[in-house]
Amino acid sequence: MANAFLFFLLLIFSSNIIFENIHACNQSERSSLLFFALTLSSPQLNWTSADCCNWQGITCNRDGWVTHLQLPSNGLKLKGAIFPSSSLANLTHLTHLNLSHNSLSGSLDQTEFFLSLNDLEILDLSYNILFGVLPSSLPSSHIRMVDLSSNRLHGAVSSSFFQQAWNLTSFNVSNNTFSGPIPSSICSPSSSSLRHLDFSFNNFNGSISSGLVKCSKLQVFRAGHNYLSGSLPEDMFNSTTLEEISLPLNSLYGAVSDRISNLTHLTTLDLSYNQLSGVLPLHLGKLSKLKYILLDFNYLEGSLPLSLMNCTNLVELRMGSNNLEGDISMLNFSKLGQLSKLGLRKNNFSGILPSSLYSCKFLKAIQVNYNNLEVQIQPEILSLKSLSFLALGSNKGLTNVTGAMKILMGCKRLVFLSLASSFLGEEMPNGVEMVDSNGFQNLRHLDLSSCNLSGIIPSWLSKLKMLQVLDLSGNRITGSIPSWLGTLLRLQTLILDFNQLSGEFPKELCTLPMFVSGQAAAQVGRFYLELPVYFQPSADAVTKQYNYLFFVPVIYLSHNCLSGNIPIEIGQLQLLQELDLSANNFYGNIPDQISNLKHMERLDLSMNHLSGKIPASFTGLNFLSSFNVSYNNLGGPIPPGTQLQSFNASAFEGNQLCGGPLPNKCQTTEGANAPDMSTQDANTKEHQIPWFYVSVAIGFITGFWGVCCPLLLMRKWRYAYYHFLDNVQDRFHVMIAKCMASMRRKLFRS
């Protein structure tokens with residue numbers, strides 16, 4: 001009986017606790033949360049129950065105080081542009097605030113918000129539209145993580161901001177517009193717990209201050225894509241806990257100290273796109289945990305240290321665009337069993353491309369073009385089952401284009417293939433075995449440019465249904481442009497300039513979906529490459545880097561022997577951004593339909609035999625940054641009051657054009673902008689029908705056949721006509737005889 005009574009009391013006590021927890025929400029904080037919800041324009045939060053502790057994204061402690069407000073990726077938008085600091089400031093027991101990946105706007109420079117949250121440990125407001133400057137200090141001495149990345153915050157990060165950062169482990173302000181130096185006090189003794197620092201994608205400048213060693217537990221230091229200068233601070237190499245140093249795209253200079261070998265925990269070293277010089281550290285191989293070495297686009301010299309092969313965990317090695325040299329065949333890549341990407345382009349490496357590369361079974365990308373290597377395509381390359389990116393061009397000794405292409409057709413996953421400036425003077429592979437092969441079914445980019453190859457455009461290309469980029473420029477290709485190019489439904493970059501192609505511009509090119517339909521282009525999307533590629537539209541253009549296979553829609557056919565009219569169907573290529581038909585034999589008028597290409601940025605029709613006028617509809621081409629129609633047979637005024645006047649006069653020379661930007665003004669009848677009437681009259685007279693001569697010809701034909709036909713076909717008419725002529729002749733003779741007799745009588749009388 002006593003046990004039953006005790007059980008009853010325990011049951012009542014437990015139910016009271018449960019009841020209290022169910023209705024534990026503090027009413028003042030509930031009101032603050034409701035006020036926060038009222039500031040949102042969307043979406044509507046389902047905060048309707050009496051107990052706010054059961055609301056979406058809300059967590060309370062046992063006393064009913066709100067400790068967690070977590071609503072990431074909910075599409076939250078504010079009615080105004082004011083961050084709801086007043087309502088959130090009332091949540092004084094808040095430890096976790098996560099409103100990341102929303103569309104919240106407003107300024108963070110609001111002291112009541114930061115000063116009241118004394119218990120805050122996690123602050124994540126990343127990926128919003130917050131602006132303004134940072135407060136003078138962190139909101140809490142308990143705070144462990146601050147993530148304000150991907151906003152619109154600006155100004156300097158004050159040194160006092162970290163004064164209370166006793167427990168701070170992670171600080172991320174990347175992808176904003178912060179400026180000034182990286183605060184020197186960031187690694188003060190009060191912030192000895194820091195493990196993760198990210199200042200990348202901002203406008204920070206100045207040198208990297210010494211003192212990183214004071215962050216005795218620092219593991220990740222990122223400050224890439226800024227304006228930092230100076231050399232790497234020496235004390236950085238004493239931070240033995242560092243696992244990642246990422247400082248790409250700055251202006252750092254000087255050598256990489258051999259003391260970097262002290263950082264034995266380092267897994268990522270990214271110093272690409274700087275101005276570093278000197279030789280590579282001799283003992284770089286001591287960093288056995290290194291997975292990523294990214295040192296491309298610097299001024300590094302010397303050879304690759306042999307110790308580098310001791311970095312057996314290496315996944316990605318990129319040292320392209322430096323001044324490195326040496327015999328690469330000395331390196332034993334078989335030790336790098338995890339290697340996935342090798343980027344050594346644009347250096348001075350020599351020797352034979354090591355066959356030990358083929359033992360790297362995980363290798364996906366090889367980029368060694370623009371060196372002095374002796375390269376041949378060997379069947380062993382087929383052992384690289386994951387190979388999708390291959391760039392070997394602009395080296396020495398690469399021959400037998402037909403044999404090479406046959407082998408490479410066996411690389412089933414190959415997406416990107418660049419063999420430019422190779423196989424010099426050979427013939428374009430176009431045998432029956434090539435046509436019958438089913439290789440290259442995943443190939444999206446093919447570059448055989450500047451090889452001086454002869455022959456025609458091979459028909460086996462028509463089977464590459466995934467092809468997006470075709471570059472056969474700088475060869476000796478003859479024949480016409482095949483109409484089957486119009487069946488390559490993903491083709492979006494066609495580069496055939498500097499060849500010997502003849503014939504007309506095929507109308508089938510004007511139906512390519514990637515140039516015609518935005519929906520088709522969107523479905524293809526972006527295909528990310530294992531290594532970046534570089535593209536220079538013209539000799540005077542800036543080289544562009546692409547990390548994905550999504551080039552600008554272009555057609556380059558310049559410096560060939562193409563002729564005929566430019567087809568009016570070209571107006572269907574509404575997504576085309578660059579068209580170069582220069583240095584050909586095109587004639588006729590410039591199609592007015594080109595004005596339909598509203599995305600056109602570069603148009604070059606120079607050095608042809610085009611006639612007529614520049615279409616007035618070109619006034620609608622608002623995105624032109626390059627335009628050239630020089631050395632044709634064009635006449636008349638340049639359409640006035642348009643973007644065409646902003647180009648240099650050389651873009652119009654070699655024609656009979658007038659008006660700005662040319663110095664010769666057009667003859668006008670009304671106003672300064674009136675068209676040249678003399679030119680119009682000349683054109684009108686040129687095309688006027690000569691009615692006088694037409695009427696004379698018609699009269700002659702009518703009279704002649706009107707008389708001759710009856711005489712030939714009707715005998716009675718013919719006899720009557722002849723009889724008439726005899727009578728006329730007799731009368732003529734009688735009249736002459738009478739005149740002569742009369743003249744003699746007059747003569748005798750005198």
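# Salt bridges in a predicted protein model

The side chains of Arg259 and Glu234 come together in a salt bridge, with N and O 2.9 Å apart. The two partners sit in distant parts of the chain, 25 residues apart. Keep in mind as you look around that this is a predicted model. Side chains of opposite charge can pair when their charged atoms come close. The count of salt bridges here comes to 9, and a few of them are described below.

**The chain as a whole**

- The protein chain has 750 residues, and 49% of them count as buried.
- Its secondary structure comes to 11 helices and 47 strands.
- Take the contacts between residues at least 6 apart in sequence: 58% of these join residues at least 24 apart.
- The accessible surface of the protein chain is about 35,400 Å², and carbon and sulfur atoms account for 56% of that surface.

**Arg259 and Glu234: a link between two loops**

- Arg259 lies in the loop between β18 (251–254) and β19 (268–270), while Glu234 lies in the loop between β16 (227–230) and β17 (244–246).
- Arg259 counts as partly exposed because its relative accessibility is 31%, which falls between the cut-offs of 20% and 50%.
- Glu234 is partly exposed too, with a relative accessible area of 41%.

- Glu316 forms a salt bridge with Arg318, and their closest N and O atoms are 3.1 Å apart.
- Glu316 has a relative accessibility of 9%, so this residue counts as buried.
- Arg318 is buried as well, at a relative accessible area of 14%; the cut-off for buried is under 20%.

**Lys341 and Glu530: a link between two strands**

- In the salt bridge between Lys341 and Glu530, the closest N and O atoms are 3.5 Å apart.
- This pair joins distant parts of the chain: Lys341 belongs to strand β25 (residues 341–343) and Glu530 to strand β37 (residues 528–535), 189 residues apart.
- Lys341 counts as buried because its relative accessibility is 19%, and buried means under 20%.
- Glu530, with a relative accessible area of 24%, is partly exposed.

**A network of three residues**

- Salt bridges can also be joined up: Asp198, Arg222 and Glu244 are linked in a network of them.
- To explore this network yourself, find Asp198, Arg222 and Glu244 in the structure above.

Note on methods: Residues numbered from 1 in each chain as written. Predicted model: local features only at pLDDT ≥ 70, side-chain atom pairs only at ≥ 80, totals over all residues. Heavy atoms only, no water. Helix = DSSP H or I, 4+ residues; strand = E, 2+ residues; numbered from the N terminus. Buried < 20%, exposed > 50% of the residue type's maximum accessible area, 1.4 Å probe, protein only. Contact = heavy atoms within 4.5 Å. Areas by Shrake-Rupley, 256 points an atom, 1.4 Å probe, with all protein chains shown as cover. Salt bridge = Lys/Arg side-chain N within 4 Å of Asp/Glu carboxyl O.
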